[in-house]
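Reader: Before I use this model for anything further, I would like a close look at a single part of it, followed by an account of how the rest is arranged around that part. Please take the time to connect the pieces.

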Amino acid sequence: MKRVGSAERVLRQTPVILFLVVLGGFGLLSGSFLSVENLVNIGVQAAPAGIVAVGMTLVLLTAGVDLSVGAIMFVAAAVAGKMALAGQPFWLVMLTMLGIGGVFGGVNGFFVTRTGVAPFIVTLALLFVGRGFALWLTQTRAMNLPDVFLQLGATRVLGVPLPLAGFLGIAVLSQFVLMRTQFGRQIYAVGHNREAARKAGVESGRILAIVYVVSGVCAALGAILALGQLGAVTPKFGENYEFKAISAAVLGGTSLFGGRGAVLPGTVLGALLIQSLENGLVLLNADPYLYPLITSAIIFTAVLLDSVRNALLARLQRRKIRLEPELGSS
Amino acid sequence: MNAVAALEFAEVSKSFSGVRVLRGVSFTLPAGRTLGLVGENGAGKSTMMNILGGALRADAGTMRLNGAWHAPASPAEAERAGVAFIHQELNLFPNLSIAENIFLTSFPRRGGVMIDGRTLHERTAAVLAEVGLEMSPQTPVERLSTGQCQLVEIAKALAHEARLIIFDEPTTSLSARETEMLFALMARLRARGIAMIYISHVLGDVMRLCDDIVVLRDGAVVAQGPRAEFTIEKMISLMVGRTLDHLYPVRKDAARGAPVLEVRRLSEPGIVRGIDFTLHRGEVLGIAGLMGAGRSELARILFGLDRFEEGEIKLDGRPLGRGAPRDRIRRGLAFLTEDRRAEGLCFEASIADNMALVTLVEHTRTPLRLLDLGRWRAAIATMRQAVRLTANARDEQPVRTLSGGNQQKVVLGKWLLAKPRVLILDEPTRGVDVGAKFELYQLILQLADSGSGVLLISSEIEELIGLCDRILVMNRGEIRGEFSRAEFDRERILQAALPGEEVRA
Amino acid sequence: MSEPSVTAAVATERGRTGSGLRRLALSEYLVLWLSVIYAIALAPFAPGFASTGNFANILISLLPLFLVALGQTVVLITGGIDLSVTSIIALTSVIGANVMSSAGGWLAGSPLAAPVAVVAMLALGAVVGGLNGVAVTWLKMPAFIVTLTGMMFFSGLAIWFTQSKNIGGLPEAFVVLGGNPWAAAAIAAATGGFAHVMLTRSLFGRWLFAVGHNAKAAHVSGVPVRGVTIAAYVVSGVCAALASILYTGQAETGSPVLGQRVLLDVIGATILGGTSLFGGKGKVLWTLCGVLFLKLVDNSLNLLNLSIFTITMVKGGVILVAALLDVARRRWAGGGA
């Protein structure tokens, strides 16, 4: 068992190690990388994708996946744009966006729990339905939103920019729910084995449905923050966010097989890591065409480590005959 | 405080797809007593307990738990009624802690939402103390041994105030010491007035632990009464329905041939140690032992499915490297695995496709390796006949539509088509009805008579005694005993499988 | 599995009162019927739908999609999935174009340009497929994430390679392959025929199905599971490259965003046709029907002047329906215990 312990412990700390390596690396290569202003900037830029990643983490914990988050963002933003340009009050726009997130999430949840279709197909289908709908809404044209949205990005809470505060706030709340509520602990059980959880009396269906709704709402929240940064809705709004979110979660130690992972430090670190990469590459004036290459390579590595960890665990949990006289405890 | 729990089954029946699995089962468990439930595989024990535990609904009959009508619609309901089922395959979540596993659906909470960590810790520690498990409630379950996990399951039962606990083959993965701890715990539970049902193949344990015994055969109760009315031999003959002589085909006393499989000093740390034996042509060599003794692991290592660190395996005098199953098959080995659902059959594939899987290459023609349909069909038809597969099934039918016995025949047929020099069988008659069992035995003996060596792993000592020329006994990864046909003795074999355990007659 | 599944379906239905609807849904040719019904139903509403010119159009756009779907079918049969096919199309397109382009390509002007480019494209498709396969088997990573990452990486690579520009000036010999409907049809028919024989009659085909049904049992039974799985991804890569040849020829340029929109169509068509996401089931003919139906829908919606948005949404709905059907078929055939 000792062999497992040390190897596993190292693997578990990978997100932190990776993060420090990247920060250190860019810090060495570029003078301004490690300045407070830049680091806060990274946090703010990471916030939209980060919030989406938090929701995605919950879904991944149940051994599912939500590929529709980017599309949900787009639909929410498109509707928001239309409403804002039609003069609707700000609070109503916000509420509607959240509602859209919830509804889409609910549809995902329904199909996943009631029909036995794989989550990745359900959410993939919804991705295209959503994107198509949003493209129709915007007629493939960009919409510039009223300034009130941009102010979101500029407001500060206790000296911290609102987007970053919101991101961290949601992260803390989610981590609390995951670690300190029955619902959260049951998510881990369902992720390990849905059928076993059901046998143990857990309402697996309800949990799955809720988790997808949460993911949808997080996508809407991410859209709000993204609007705060861009101030406009373009046809590419929300594109690739599902990928960013999955990457952040996996980089942060969440297993694609379900049952393992955390929002803090995990996913938050993962999101910051991805953003640091982009930020660092920009500072170094690297070829922008290289971004997707580097990002996808890093994500591939993260998933690879996850698989390695799983393989190691499986091997060491093989039925073991105790050949030495064992102790009754410990 | 001693809650009285009595259990009554009255004419409980259950059928699956037209096959009657339970036929009017009736028995009584007096309050605070321990009942031993024995029967062959497929006799209906698991089905009975699943009905009691709420995982299945009975088709007919009633149950009374402590006088009250008991008809749970789900495991959760049965649990609320005070029934706890400690399954053979433990139902714990390794990614959660002991405390979280125990209180997964009933966490103590503050303010209705937040988990009350301190109370959780206290309650868990209390119940762990009752079962004698000295571990912190925060320990992740993945760090526990099987025995410890079992104690957690029992702790879970106690935490939910179970008044009836069902143990399904609890000692199969336990070490001797853990078994003793379990028995001591059961004595304590008994003193508290908790009723228990103990299901096990280790009849000696049943005799030791239980106040009353119920014997099931083919879905019906054939005997019940206090322990004093039973002996192990009587239980066996009741379980089986006839004396041992007529269960197994007559074995010709064949002369032992040359060695075909030689294993020397085979070791893989934590799995097997110093395995040394020789299998001869025409010989049926049995491997006895409790689950967890390393028999299946040994078989997997021999077949190339798992690695080994030290030692040597020789087939017909030539060493077998550390190859994969593909390699072994080419050299003439065959392996009928323990779990045909997981590794023996492609359940959705047809009978024909399953049967031909190992030997496909032989029915193809180069250059593109196209199937010669004619040869393929003929080979399958011949083998179907040879294993006496039910004529009711067409070649194209998926194997999941077959009964357990017929499924096993398909697997056996698959390997027989390869004309193996050595056939390893791991629990070949598990989940197979008595009639099909006999036919499988005949096929196995036929194969041995034709000159192949057969390695037979089985948990049923009677089966080994009936079929084998020699029996090896494995215990905690090592070979602890060897018996030739003349020396076959059930008690002594059992004793070798459980060192330090007295076998009560 | 070399027999039509209708026989199997009937065999399992024996003794049970199967409703007509159930039997229809389980029928192999469901999608073909759907296509015919749909075509007849829509003909009066869509202007120009029922003309030979239009059918020719449908056929031309159908062929490259069919090729990609073929490769996807093979991968799905083994229980995997290949999301990187669109990026393979793009990457092979630009590399191939770069080999033969008269505007600064590596073999500009040489008579060997076109054939070498074709070989290069196929080889590249095979290599990428091989990488996918290795990651899934040796590294034991989940197929969808491997191929999803692959999609990101290789399309990024294609864009970086061309700096987002298209590569024109392709030799006539090459353009003919893709642009000429007869050539395209010949390629598609040959590949389809080869795939059909492979799946139904060859050892490799049987192994594919065994791996898809139960990889563990296949391994114990001596099937080279790793090799078969890697080969399946290589096939998918090569099919994507073949499709790229047609697409590139049709567009007459090498483009780093070629085939971007095709992924949904590929998966939808294959599953709609009856290949199961769970592995162990699939046929060339089914995929052809699936592709045909999807293209019919596409074409008719276009003619009805519906926007690209609606079409995208409808297709999303179609994929969902296809998956639901897949689950339902599994349950119904399985006895629904």
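Author: In this predicted model, Ser13(B) has Ala60(B), a residue of E4(B), as its bridge partner. That pair belongs to the antiparallel run of strand E1 (residues 7-16) of chain B against strand E4 (residues 60-65) of chain B, which are joined by five bridges. In general, the strands of a sheet pair through backbone hydrogen bonds, in either a parallel or an antiparallel way. Here the sheet of chain B is open and consists of four strands, ordered E2-E1-E4-E5, with antiparallel pairing. Its edges are formed by strand E2 (19-29) and strand E5 (68-69) of chain B, each of which pairs on one side only. Packed on this sheet is helix H1 (residues 45-52) of chain B, which touches E1, E2 and E4 of chain B and whose direction makes about 65 degrees with that of E2(B).

Chain B in turn meets chain A, with 30 residues of chain B in contact with 25 residues of chain A. On the chain A side, helix H9 (182-192) and helix H10 (194-199) each supply at least two residues, and H9(A) gives the largest share, six residues. The residues on that side of chain A divide into eight nonpolar, nine polar and eight charged.

Chain A also touches chain C, through a contact that takes 31 residues from chain A and 29 residues from chain C. The elements of chain C that give two or more residues to this side are helix H7 (143-162) and helix H15 (308-333), with the largest share, twelve residues, coming from H15(C). This side of chain C comprises 19 nonpolar, eight polar and two charged residues.

As for chain C itself, it has 15 helices and zero strands, and its radius of gyration of 20 Å is close to the 20 Å that the globule rule gives for 337 residues, so chain C is as compact as a globular protein of that length. Its C-alpha trace spans about 70 × 55 × 30 Å along the principal axes, and buried residues make up 55% of the chain.

A word of caution concerns chain A, whose mean pLDDT is 84, with 92% of its residues at 70 or more. Over residues 319-330 of chain A, however, the pLDDT is below 50, although this stretch has 25 contacts in the model beyond near neighbours in sequence. Where pLDDT is low, predicted coordinates should not be read in detail.

Notes:
Residues numbered from 1 in each chain as written. Chains lettered and ligands numbered in written order. Predicted model: local features only at pLDDT ≥ 70, side-chain atom pairs only at ≥ 80, totals over all residues. Contact = placed C-beta atoms within 7 Å. Nonpolar A, V, L, I, M, F, W, Y, C, P; charged D, E, K, R; others polar. pLDDT = per-residue confidence, 0-100. Rg over C-alpha atoms; globule rule 2.2 N^0.38 Å. Buried ≥ 20, exposed ≤ 12 C-beta atoms within 10 Å, placed from the backbone. Pairing = 2+ DSSP bridges. Axes fitted to C-alpha atoms, helices over the stretch in contact; angles between N-to-C directions.
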